[in-house]
Amino acid sequence: LTASERARAEIAKADRAALFADLKRGAPGEAELRKRRSAIVEVARVTAALAGAGCRTLCFAQTRKLVELVLGYARERCSARL
């Protein structure tokens, strides 16, 4: 597998693990699981995961402010892992 394929597999694995952990705790109901997350938060999550896996990553947004938000959220996620 290439580095990007491994990173995608790790992201999917982490998402599944988080979902199962939530289901075991009984935290969210089925309706809560279907609730859509913010696109900015999702992009930051994916960007942080890819960068953490060593993939060179590029993000685009409609405005500079959105790019800065993604960068800030991604930095928070990366620093939380360290």
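**View 1. The second largest pocket of this predicted model has a volume of about 190 Å³.** A pocket here is an open set of points on a 1 Å grid over the protein atoms alone, with protein on both sides within 12 Å along at least five of seven lines. Its volume is the space filled by probe spheres set on the points, which are joined across faces, edges and corners. Local features need pLDDT of at least 70, side-chain atom pairs count only at pLDDT 80 or more, and totals for chains, interfaces and linings use all residues. Residues are numbered from 1 along each chain as its sequence is written, and side-chain values use heavy atoms, with hydrogens and water left out.

View 2. Lining residues have an atom within 4 Å of a point, and among them are Thr-47, Ala-48, Leu-58, Val-70 and Cys-78. Helix H3 (39–52) and helix H4 (64–81) each give two or more residues to this lining; H4 supplies the largest share, 6 residues. Helices are DSSP runs (H or I, at least four residues), numbered from the N terminus.

**View 3. The lining by class has 9 nonpolar, 2 polar and 1 charged residues.** Ala, Val, Leu, Ile, Met, Phe, Trp, Tyr, Cys and Pro count as nonpolar, Asp, Glu, Lys and Arg as charged, and the others, Gly among them, as polar.

**View 4. Stepping back, the chain has 4 helices and 0 strands.**

Terms used: 1 Å grid on protein atoms, 1.4 Å probe; cavity = no way out; pocket = protein on both sides within 12 Å on 5 of 7 lines; lining within 4 Å.
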